[in-house]
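Please look through the structure shown here with this briefing beside it. The points that follow are grouped by topic for a reader who is new to it.

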Amino acid sequence: HSLQDIYHNYDAVMPQIMLTLQRTEHIDNLDLRLVRRDGSVLWTSVNLAIIRDIHGRLCIQGIVWDVTPRKLSERALRESEERYQSVVMALVEGVIVCNADDIIIACNPRAEQILGQPSVQLIGKRPLQHLETRREDGSDIPYEDYPSLQALRTGRPCLNQRMKVVRLDGSTVWIAVNSQPLFYPGEDTPYGVVSSVQDITQRVVTRAQLERQMQVLRVINAI
């Protein structure tokens, strides 16, 4: 049987291959999707070259590898990453991913909203860089105490760290941060850290209002 007999999309892919061969005289590591007559798909990696036979006639010489398992694995990985990305983008919590140097390499839209900065201003910097951060007692938080850096430094999660953040526009937001170090299998040193950021401003404001009301009631009761 000829290739035309085996693969019903042969006529669709060969013209482009022949045009490329005419220009370059060789093709290396071309991934080619072929569809068999029964509808099944075969992925191949092809090396082709134009040569002359012993009679001086032009011929095409090639090597073909079946790379279907690799292609299926790549597709499964890509689909998994796309599903993960969709989940992260839809979260009501901010998500920030940093590398081993505590530099932001990715974040979701909710993190942008909470911190008041677009991703282009966040990526490539440390978490909360150029932002004022304060503890609940009003004291400043040095970078060395930031949850993401603690998780990277200790290799352990740093959970429920509450802080007040002053955004670049002067507005304030209270956040709760949970940072989880990321490890490659079998390694003890984190290659990165992922942090969830939750806006707890309303909760903090409500608690402060309740505390003030309780103080007023205590004063009234003491009269």
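Leaving aside its neighbours within four places in sequence, Leu115 is in contact with Ile96, Leu122, Leu128, Leu131 and Arg167, where contact means heavy atoms within 4.5 Å. This is a predicted model, in which local features need pLDDT of at least 70 and side-chain atom pairs count only at pLDDT 80 or more, while totals for chains, interfaces and linings use all residues. Residues are numbered from 1 along each chain as its sequence is written, and side-chain values use heavy atoms, with hydrogens and water left out.

**Nonpolar cores**

- Leu115 belongs to the largest nonpolar core, which has 21 residues, and is listed with Ile96, Ile114, Leu128, Met163, Val165 and Ile175 as touching the most other members.
- A nonpolar core is here a set of buried Ala, Val, Leu, Ile, Met, Phe, Trp, Tyr and Cys residues joined through side-chain atoms within 4.5 Å; buried means under 20% relative accessible area, exposed over 50%, and partly exposed in between, with a 1.4 Å probe and protein chains only.
- Among the elements that give two or more residues to this core are β4 (94-99), α4 (109-115), β7 (158-166) and β8 (172-182), with helices (H or I, at least four residues) and strands (E, at least two) taken as DSSP runs numbered from the N terminus.
- Another core lies apart from this one and has eight residues, including Met14, Leu32, Val46 and Leu48.

**Strand β2**

- Ser45 has its place in strand β2 (residues 41-52), and with a relative accessible area of 8% this residue is buried.
- Not counting residues up to four places away in sequence, Ser45 touches Asn29, Leu30, Asp31, Ile63, Val64, Trp65 and Val67.

**Salt bridges**

- The count comes to eight salt bridges, each being a side-chain nitrogen of Lys or Arg within 4 Å of a carboxyl oxygen of Asp or Glu.
- Arg70 forms one of them with Asp31, the closest N and O atoms being 3.5 Å apart, and this pair links distant parts of the chain, since Arg70 is in helix α3 (residues 68-90) and Asp31 in strand β1 (residues 26-35), 39 residues apart.
- Asp31 also meets Lys71 in a salt bridge of 3.1 Å, N to O, and because Asp31 lies in strand β1 and Lys71 in helix α3, the pair ties together parts that are 40 residues apart in sequence.
- Asp31 counts as partly exposed at 30% relative accessibility, whereas Lys71 counts as buried at 18%.
- Glu136 and Arg162 form a salt bridge whose closest N and O atoms are 3.3 Å apart.

**Aromatic pairs**

- The count comes to two aromatic pairs; rings of Phe, Tyr and Trp (its six-membered ring) pair if their centres lie within 6.5 Å, and planes under 30 degrees apart count as stacked, over 60 as edge-to-face and the rest as tilted.
- Tyr143 and Tyr146 form an edge-to-face pair, 5.5 Å centre to centre with 75° between the planes, in which Tyr143 is partly exposed at 21% relative accessibility and Tyr146 is buried at 6%.
- Tyr184 and Tyr191 form a stacked pair, 4.0 Å centre to centre with 20° between the planes.

**The protein as a whole**

- The protein has seven helices and nine strands, and buried residues make up 29% of its 223 residues.
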